Amino acid sequence: MKFANLLFLAAPIFAQEAFVLRNVTIHPVTAPEIAGGSISVANGKIVEYGAKVAAAKNVKVIDGKGLHVYPGMINCATLMGISEVTSVRESNDTNEIGEFVPQVRAVIAFNPDSEHVPVTRVNGITSVVTMPASLTEGRGAGGAAQSILRGQAAVVHMDGWNWEDMGINRNAGLLMRFPQIVTARVSAFEGATAAAIPFADAKKIYDAELKKVDNFFDAARRYQTAKLAKAADFKPNVQYEAMLPLLEGKAPLLVPAERERTIREVIAFAKKQKVKLILLDVQKPGKSIDLIKENNIPVVVGKPTNLPLDEDDPYDAAYSLPGQLYKAGIKFAFGTYDNQFARNLPFEAAFAVAYGLPYEAAMKALTIDAAEIFGVGNVTGSLDKGKSADFVVTDGDPLEVKTQVKMLFINGKNVALDNRQTRLYEKYNSRK
Amino acid sequence: MKQFLLFISLAMFSLAQTPVTVAIRNAKLVTISGPVIAKGTVVLRNGLIEEASENATVPDGAWVIEGDGLTVYPGLIDSISNIGIAPPAPTGPVTGAITATALAPPAPPARGPEDRPRTTSWERAADKFRSNDPRIESARNAGFTSAVIFPTTGIFAGQGAVVNLAGDNPSKMIIESPAGQYMTLTGGGGAGGARGFPSSGMGVYAYVRQIFIDLDYYERTKAAYQANPSGKQRPAYDRALEGVKESGRLLMPATSKVEMERVIKLASELKMPFVLYGVHEGYRAASVLKQANASVLISAKWPTRPPTADPEAEEPLRTLELRESAASTPVTLNKEGVKFAFYSDGQTPAEFLKGVRLAVTRGLSHDDAVKAMTLSAAEIHGVSNRLGSIEKGKIANLVVTKGDLLTEKPAIQYVFVDGMHYVPTADGAPTPTAPQGTGRRPR
């Protein structure tokens, strides 16, 4: 930490400035590691890496003796930049009202000055997926109409002046709350009461909601046809306009689906509507794991340290899920579904490693797989030539809690490692 | 001969309102209070059992029933019922406060214990009892001659009554009143306390404790005032406290072991006899109940998967375990020596007996099961000096069958209530032609 600061002060490196990092062990994730290698960066992009890298004249050389370089990690589910303090309403720009609000874009609401950004990135997280709405809200039965199509997620860099700088994929997918059959009435005080709503009634509500969704998709498709045909009476509509990337297969549908039945139904829905799909927050896939594989649907798992879903689940249900997905050959990434603990992403993945996920697979899930799932595989996620220079320089394994991050580069910029937490640490540490 | 007898008895019932003298001769007597008498005679006179022994003399002029091949049991008692005081329960659980809260009339929300929320402790089932409930006949057809009826809405719902299940005049059907206070203990408010105090479980417990603290103070101030009113402020009359006091026994709900422990702890502070009802998890709490010397009323409505449940819902192991093991509670408690009786929990008599038979398949003996619906029930409700067994001097409530009583289709030949005899209709349902409430069909 101190070392990094000194280095930073002694040799300030500005964004876009070319430099070569020498004497480091390089872990490209997509290729075998290289000890004593170098990595050269120019214009914010990786020029090359390897055992021998020729540096142009007058290029800054940074000595990284004893340090390790890893690609920056991606947290695939956060509310980064749009939610600061969940319990302070003014600081939350999430959960738009309305049943179908696909036109809502998380990226334009991104606050680059969020305190969560520097706190999160110091653990090596150089990009995140920002969701337009939290996953836990809007699951109740009855009551006010809950948003179904909730807006567009974005992949953002964890450094920049504004959202235009930071957004790598401004439309990384359309978040959807898939209708559920809810039979348990949950009270905050008394917990769930068994079968409070008869199944037949719950099914009716579900069917009605699903019908509404189908109708909306049909309307969007008619809009698409009318637009393509340049129909005379064509009238622009932001809602349907926002559906076009989805219908054209350019953006996926992001659907939280915890359990087998939901997963099954969501996959059937996506097939019927012929849209790309990413499953979020899968917790208890059961037999649907084969279905996920069959259809090659990527998954963003939640925190392995989460409690298991049901009281009789094995204690390691959440720990071992990533390992199971890996064994089934499903492409997956990690997301924390929050901001406060988004920084713990590598340590969460480490739990999965302890419970059956190979280490290399965990590193890929944190980097290149995550990038590919969210359509930024050509921009970030590995140390390959031409990609954005997003990497982290550590004194060891980034999944290990004791490891110190010494330097962090986002878009080739050596990003300061101080943040609200280090400031508080210094402040109270210096109290006499 | 038979025809003649039939005629005679017909004439007697239509002419006289007093019960005839009946002798059931040479029948198997399952006395419950003592050993089974393989061949004995029981004599009923004036609504009471005059004799029951191997060699009882048959009085002159008695209607003699030849008991060869017949078995005589004491009439069955449903230990908690709302027969005669409430319409037949709709589908859904009757135990506890779910119904209680659902049926609670809208009232301004209570602010605290001083408003005596959800308390109708002064209400007596005996006062509300009506003899024209068609369920009375169907219960009797199944062998039930008595029921202990309670108002069931509220924390202190009201006072029970032991009633006989035959007659026109409700007053004459009451055997004992009051017979315990029916309580529920769930926080019914919820929704941020919109229904007033107490909305939480702990609030209910605090309220119950408060009532007994208030009762203690109430009695002392009342006694002091009565001793010498002069110069003293008069204490206000409190019907809630009066009602609790006169009920004499508390019926408190407990399904799970932890609830039993909690309720026993609460009840033992209250210095009033208590009985637990529900008790489905008793199979794992036998020692707890034994240690507390608690008597329990077991709901014969065993937990089942709700028919409206989500077919794909994963049920927790503890739910499944309770569902699997609840019916083993009676045999477990019997082994441990815990006194228990069964109650119908809103089920029809046929469903009730089916539930009891399930307990028998889990190892409870037939006669122990009968005991839990006769003598044990009478003992728990404090009427064992009048009901519950075939003994001299007790009320003449009997069921006469061919074969065992607890079979799928028991061949009930006669039912005697207060010495009056009834022949069950074939399907066990009340016949529409019968005048409501009387149901007398002399043989």
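Predicted model: local features only at pLDDT ≥ 70, side-chain atom pairs only at ≥ 80, totals over all residues.
Colleague: Which element gives the most to the side of domain 1 of chain A that touches domain 2 of chain A?

Modeller: The domain assignment of chain A gives domain 1 as 1-71 + 382-432 and domain 2 as 73-179 + 223-380. Their contact takes 22 residues from domain 1 of chain A and 24 residues from domain 2 of chain A. On the domain 1 side, β4 (60-71), β16 (405-410) and α12 (420-429) of chain A each supply at least two residues. The element that gives the most, with three residues, is β16(A).

Colleague: How many residues of the side of domain 1 of chain A that touches domain 2 of chain A are nonpolar?

Modeller: That side of domain 1 of chain A holds 22 residues. Six of its residues are polar and four are charged. The nonpolar count is twelve.

Colleague: From which element of chain B does the largest share of the side of domain 1 that touches domain 2 come?

Modeller: In chain B the assignment gives domain 1 as 1-75 + 388-443 and domain 2 as 81-387. The contact takes 31 residues from domain 1 of chain B and 34 residues from domain 2 of chain B. β5 (71-74), β17 (411-417) and β18 (420-422) of chain B each supply at least two residues on the domain 1 side. The largest share, three residues, comes from β17(B).

Colleague: How many charged residues does the contact of α6(B) with α7(B) have?

Modeller: Helix α6 (residues 201-227) and helix α7 (residues 239-247) of chain B pack at about 95°, with their axes 10 Å apart. B:I211, B:D214, B:L215 and B:Y218 in α6(B) meet B:L241, B:V244 and B:K245 in α7(B). By class, the contact has five nonpolar residues and no polar ones. The number of charged residues is two.

How values were computed:
Residues numbered from 1 in each chain as written. Chains lettered and ligands numbered in written order. Domains from an automatic or database assignment. Contact = placed C-beta atoms within 7 Å. Helix = DSSP H or I, 4+ residues; strand = E, 2+ residues; numbered from the N terminus. Nonpolar A, V, L, I, M, F, W, Y, C, P; charged D, E, K, R; others polar. Axes fitted to C-alpha atoms, helices over the stretch in contact; angles between N-to-C directions.
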